[in-house]
Amino acid sequence: MQISQVPSKNKPYSNRLTNFMILSSLICITYLITSFLIIPRTNSTHFSTSLQTPTTLEHIVFAIASNEKSWSARKSYVALWWGPQMRGCIFLEKTPPPNEALLLNHNESSLPPICISEDTARFRYTYRNGLRSAIRVARVVSEIVSLNYSNVRWFVFGDDDTVFFPENVAKTLSKYDHGLWYYVGANSESFAQNKLFSYEMAFGGGGFAISYPLAKVLARVFDSCLERYAHLYGSDSRIQACLAELGVGLTHEPGFHQMDIRGNMFGLLASHPLSPLASLHHWEATDPIFPKMTLVKAIEHLFEAVKFDSQRIMQQTVCYDRWFSWTISVSWGYAVQIFPRHVFLSDALRTQETFLPWKKGGGINDLYNIDSLGYDRHFPCRRPVVFFFDNVSVGSRGVITSNYRTMTDDNCTFDNMASPRKIGEIRVFSRKQELDTKQHREDNVVMCCLLVLEM
């Protein structure tokens with residue numbers, strides 16, 4: 001018996017279907033390989049490996065947004081933290097007059113060079129009663145990349161009234177793999193500000209960082225992205241929106257501080273978490289951080305402690321004295337508080353509301369995005385006794401001694417011999433904090449301190 005093959009009428013259709021499936025598979029495979037090997041993603045936190053050299057200031061470029069009018073008044077803030085080994089630019093909208101330019105750059109080592117922003121007249125800005133200078137400030141993120149700095153891992157952005165703590169910025173960023181896409185910063189202290197803008201936005205005045213590969217990609221698409229967000233208010237909103245289009249969310253770091261508060265910021269600073277202090281902002285809306293000093297002098301005084309132990313500055317440590325039943329809170333390099341009673345640790349770590357809301361009007365404007373406690377404004381004698389940083393020195397064995405004294409006159413009377421108000425000075429002994437990358441990633445253990453009380 002002979003079996004013959006009958007030709008199929010559907011063969012051409014089958015061949016086309018097979019070719020289509022093969023071509024589709026090749027496209028999918030190519031896309032997947034490209035996604036994994038070429039495009040870095042940050043869906044989860046990736047820390048730098050021990051094989052990489054630590055991130056230092058030589059790997060960071062700072063871009064500071066300013067304008068001709070404010071720069072002459074605020075350059076003193078930048079001079080407090082800028083160093084000769086640092087790289088970056090101050091962005092102004094136009095070249096200062098020759099005599100003013102000479103004054104602004106009176107000491108090249110104490111101030112960054114001035115860069116002139118490009119014209120932004122072609123971009124639309126439709127936010128009613130807003131400032132279209134927000135477009136110029138936003139474009140700093142692309143203009144700093146176009147300057148083609150070498151050996152860059154991170155770009156750090158801020159305002160002319162942002163005071164950075166550069167060594168701590170480098171230590172904070174060293175936790176992360178700079179080869180991936182990262183957008184690092186912090187929210188506002190104001191609940192209303194975060195609701196108005198976004199909890200996924202790094203507030204620009206508090207400073208934020210963008211890893212080099214992400215900054216390169218963002219710079220390529222930024223101008224076209226700006227056209228879609230003419231309705232937004234500020235520069236930081238535009239940057240966050242364009243980063244969201246790239247699929248990048250905010251990595252929150254508590255060391256950056258927008259400082260959307262007014263008045264006495266003591267409560268916020270004295271309860272700083274065990275993270276390196278990276279930045280502080282809005283100095284002109286708040287009181288000097290040390291009593292009986294000018295604003296700039298108070299910041300200079302703080303940097304005297306920063307020189308000895310930058311990583312430990314303002315980090316809060318709570319100790320208990322059994323003999324007098326005292327609770328002692330140390331914000332290193334800034335202040336020591338003594339509560340004349342035992343206070344639960346969870347309460348001692350909370351922020352006292354010594355400050356006022358950023359905006360008036362009550363309601364949600366009075367709410368903060370921090371764990372805060374009330375503050376007795378009318379009866380100072382009921383508050384803990386505060387000793388402010390006075391001076392610091394280091395001994396031959398590397399032991400750092402910081403001294404704290406009372407700087408306010410509360411006119412409080414006390415009969416109890418166990419009252420902390422009879423103390424004249426407090427000395428705190430410590431060693432310089434040098435956390436490696438692994439220790440900095442993990443939650444730090446609260447370490448108690450040795451206190452010598454001089455009556």
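# Reading a predicted model

Q: How should I read Lys292: buried or exposed?
A: Lys292 is exposed, at 70% relative accessible area. The classes are buried (under 20% relative accessible area), exposed (over 50%) and partly exposed in between, using a 1.4 Å probe and protein chains only. This is a predicted model, where local features need pLDDT of at least 70 and side-chain atom pairs count only at pLDDT 80 or more, while totals for chains, interfaces and linings use all residues. Residues are numbered from 1 along each chain as its sequence is written, and side-chain values use heavy atoms, without hydrogens or water.

Q: Where does Lys292 sit, and what is its phi?
A: Start with the general idea. Most residues other than glycine have a negative phi. Lys292 has a positive one, near 60°. Its place is the loop between strand 10 and helix 11. Helices (H or I, at least four residues) and strands (E, at least two) are DSSP runs, numbered from the N terminus.

Q: What is the phi of His282, and is this residue buried or exposed?
A: Phi of His282 is near 55°, again positive in a residue other than glycine. His282 lies in the loop between strand 10 (279-280) and helix 11 (295-306). His282 is buried, at 14% relative accessible area, whereas Lys292 is exposed.

Q: How many helices and strands does the protein chain have, and what percentage of its residues count as buried?
A: There are 13 helices and 20 strands. Of the 455 residues, 50% count as buried.

Q: What share of the contacts comes from residues 24 or more positions apart?
A: A contact means heavy atoms within 4.5 Å. Take the contacts in the protein chain with a separation of 6 or more: residues 24 or more positions apart account for 70% of them.

Q: In what order do the seven strands of the open sheet run?
A: Strands of a sheet pair through backbone hydrogen bonds, either parallel or antiparallel. Here two strands count as paired if DSSP finds at least two bridges between them. The order is 3-2-1-4-7-6-8, and the pairing is mixed. Strand 3 and strand 8 (251-252) are the edges, each pairing on one side only. Strand 8 pairs with strand 6 (residues 183-185) in the parallel sense, over two bridges. Gly185 has His252 of strand 8 as its bridge partner.

Q: Which strands does helix 2 lie across?
A: Angles are read between axes, which are lines fitted to C-alpha atoms, for helices over the stretch in contact; they run from 0 to 180 degrees between N-to-C directions. Helix 2 (residues 68-81) lies across strand 1 (60-65), strand 2 (87-92) and strand 3, at about 160° to strand 2.

Q: How many bridges join strand 11 to strand 12?
A: Six bridges join strand 11 (residues 316-321) to strand 12 (residues 326-331), and the two run antiparallel. Thr317 stands opposite Val330 in strand 12. The two strands form a hairpin with four residues between them. In its turn, Ser325 has a positive phi of about 60°.

Q: Why is helix 6 called largely enclosed?
A: Count the buried residues. Seven of the eight residues of helix 6 (residues 166-173) are buried, so the rest of the structure largely encloses it. Among them are Pro166, Asn168 and Lys171.

Q: What is Gln193 in contact with?
A: Gln193 belongs to helix 7 (residues 191-196). Gln193 is buried, at 9% relative accessible area. Leaving aside neighbours within four places in sequence, its contacts include Ser188, Asp260 and Trp358.

Q: Is Thr351 buried or exposed?
A: Thr351 counts as buried, at 6% relative accessibility. It is found in strand 14 (residues 351-352). Beyond neighbours within four places in sequence, Thr351 is in contact with residues including Gly267, Leu268 and Ile370.

Q: Which residues outside its sequence neighbourhood does Glu118 contact?
A: Setting aside neighbours within four places in sequence, Glu118 contacts Arg139 and Glu143. Glu118 is found in the loop between strand 3 and helix 4. Its relative accessible area is 41%, partly exposed.
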